[in-house]
Amino acid sequence: MVDEKEKKKNENDVSEIFASCDFSSLGLHPALCDQMRDRMGYEAPTIIQSQAIPLILSGKHVLVNAATGTGKTLTYLAPLIHQLQNIQPRIQRSSGTFALVLVPTHELCMQVYETLQRLLHRFHWIVPGYIMGGENRSKEKARLRKGISILVATPGRLLDHLKHTESFVHTNLRSIIFDEADRILELGFGKEIEEIIDILGSRHKASEFVRQNVLLSATLNDKVNHLANISLDNPVMIGLDDNKIKPSTKQVTSLESAIERLENSGKVAVTTDGEYKLPAQLNQRYVKVPCGSRLAVLLSVLKNLFTGEASQKIVVFFSTCDAVDFHHALISQFHGLSNSKSETETRELFVKCNILRLHGNMKHEDRVKTFNAFKTEKSALLLSTDVSARGLDFPKVKCIIQYDSPGEATEYVHRVGRTARLGEKGDSLLFLQPIEVDYLEELKKHGVMLTEYPLLKLLDSFPLYGVKQHHVKKFVSLEMHPWVLSLQKSLESFIFTEAKMKKLAHNAFCSWVRAYSAHRGELKSIFMVKKLHLGHVAKSFALKEQPSLVGRSVQKKHTEKRKRDQKTLKVKEGLKKKRMMINEGD
Ligand SMILES: Nc1ncnc2c1ncn2[C@@H]1O[C@H](COP(=O)(O)OP(=O)(O)OP(=O)(O)O)[C@@H](O)[C@H]1O
């Protein structure tokens, strides 16, 4: 009976992801369809693919908004390949670049290139290639001189070659794809993109060809408007709800409910206040942890996950590169509770796992190594900044932990989107301090709802001196939980005795505070740096003492301001806090 229910549920999940047609019915070349089915295992198109591929094939400018992990890469690559293989006589390397795919990060660049290579298996005359920051420029120049038919690129490096590589032929360019369009702009590539579009020709006519441009993301928002308006001509919108597009001119029905065409002016205006699409099978939770206990709780959650199941793939997101480095070093070396009774226990790592790290300050080759390793490993823990948040398709990731909050709701959506891809199950856990819980309201505005993680139950399950916590004593607050206290003490002693670790902790502390104060706009009222207790922040890096930030005067000012603000808040929050404490102890 249970099996039947589960089967029915899986069938429903599948019907929400895949369309009930096959690739050939979308108008794609039979050899491409065979390649996708026989070599890549793609039996049927996803719903977004079935909607967008015919439109892209028709040559229209298209704006695609679809949940993470629904196959947007194939949505644009398959029609590109179909269009290029159709050109007679066959295109030649010497004719240069016919299609350009712009992506925000190195890793996404490699990933799209790899998919492209596999798709082109039966079309050897169409040459794929990539250029990106960190790679050897002269080797790239040589490849461009030989000719790349479909070029995947990051914006900075592309602009560099457009300006300085004379042998780069782009007069035949027919399509530009902006994958993760909003992120390209968020990373500050707006000017580069404008210059690129300037050099490559307007959206209307590049040379004798009509240019087709396509923009895609799981979170199209008003940052994209400018880019859409300079690059798209009378675009078709796919997957955008009516309330995300202004002005909306048309009543939509059936298939058209997902396709809204702006007919009056061809201008795009996407609003930010709409709901984001998240995978329905994603189990989203949050955990409320006071700042000083964050590290102990993170390690406890990880220990539990890696002890519970033999193979686990988990990504933990941090706000800074220094924080990634510190936690990576700590988890790779920390052996557990110093006052634990068992010798063997202390010889084992506290969190036993294969640990990897990824961030923008790493050497390009190391980034590539990590990216490939995490893709192929069956069980691993990846600590990362937002460099992994966009578009990366690591197979079988079971859980996403956002240890440092993401800021914009869009980033939340992309981070959790690294799991629960293409109908698979996945969990996510967002860490929030009690002073940050209003962030849940911010997420709610975008239709993102989270339930609370049963943290005390988890902490109670850890044996301390051989006795399970619930046999010891009831307590009221999380900070005073014997397991947390004991773990925190061990972490602090470990850092205190290791000079290298202490240095990493100091750096991580400083950059974390800087990142915290850099929250933008409305989020500043949720993530208020002046509400932070820097001593507690230091504890979250296992530091016994708070390191100097940028000089005593700034620190003093901060403390005075915090004290003043705290006085005012005290009365208001007193009652609320008491209630919270009692609830926590219940
Ligand atoms: N029709 C299909 N059938 C089976 N698998 C598919 C199909 N289309 C794509 N996939 C696979 O689905 C996974 C997710 O695809 P992709 O990375 O393109 O998603 P996405 O929508 O771009 O996600 P994100 O928004 O996170 O970038 C990939 O592993 C891809 O190979």
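Seven strands form an open sheet in the order β11-β12-β10-β13-β14-β9-β15, with parallel pairing, where strands are DSSP runs of E with at least two residues, helices are runs of H or I with at least four, and both are numbered from the N terminus; two strands pair if DSSP finds at least two bridges between them. The edge strands are β11 (355-358) and β15 (451-452), each of which pairs on one side only. The model is predicted, and local features need pLDDT of at least 70, side-chain atom pairs count only at pLDDT 80 or more, and totals for chains, interfaces and linings use all residues. Residues are numbered from 1 along each chain as its sequence is written.

Within this sheet, β13 (residues 399-402) and β14 (residues 426-432) run parallel and are joined by 4 bridges, and Gln-402 has Leu-430 in β14 as its bridge partner. Helix α14 (residues 409-416) packs on the sheet, touching β9 (282-288), β10 (313-317), β13 and β14, and its direction makes about 150° with that of β13. Here contact requires that the C-beta atoms of two residues, placed from the backbone, lie within 7 Å, while axes are lines fitted to C-alpha atoms, for helices over the stretch in contact, and angles run from 0 to 180 degrees between N-to-C directions. Helix α13 (residues 364-376) lies across β11 and β12 (380-384), running at about 130° to β11.

Another strand to follow is β6 (residues 212-217), in which 6 of 6 residues are buried, a residue being buried if 20 or more other C-beta atoms, placed from the backbone, lie within 10 Å of its own. In a regular strand the side chains alternate between the two faces of the sheet. Both faces of β6 are covered, with Gln-212, Val-214 and Leu-216 buried on one side and Asn-213, Leu-215 and Ser-217 buried on the other. Strand β1 (residues 62-65) pairs with β6 in the parallel sense over 4 bridges, and Val-62 stands opposite Val-214. Strand β5 (residues 175-179) also runs parallel to β6, joined to it by 5 bridges, with Phe-178 opposite Leu-215.

Helices α7 (residues 155-164) and α8 (residues 181-200) pack at an angle of about 25°, with their axes 9 Å apart. They are therefore roughly parallel to each other, a description that applies to angles under 35 degrees. Among the residues that meet are Leu-158, Leu-159 and Leu-162 in α7 and Ile-193, Ile-196 and Ile-199 in α8.

Definitions and conventions:
A residue is buried if 20 or more other C-beta atoms lie within 10 Å of its own, exposed if 12 or fewer, and partly exposed in between; C-beta atoms are placed from the backbone. Angles under 35 degrees count as roughly parallel, over 145 as roughly antiparallel, 65 to 115 as roughly perpendicular and the rest as oblique.
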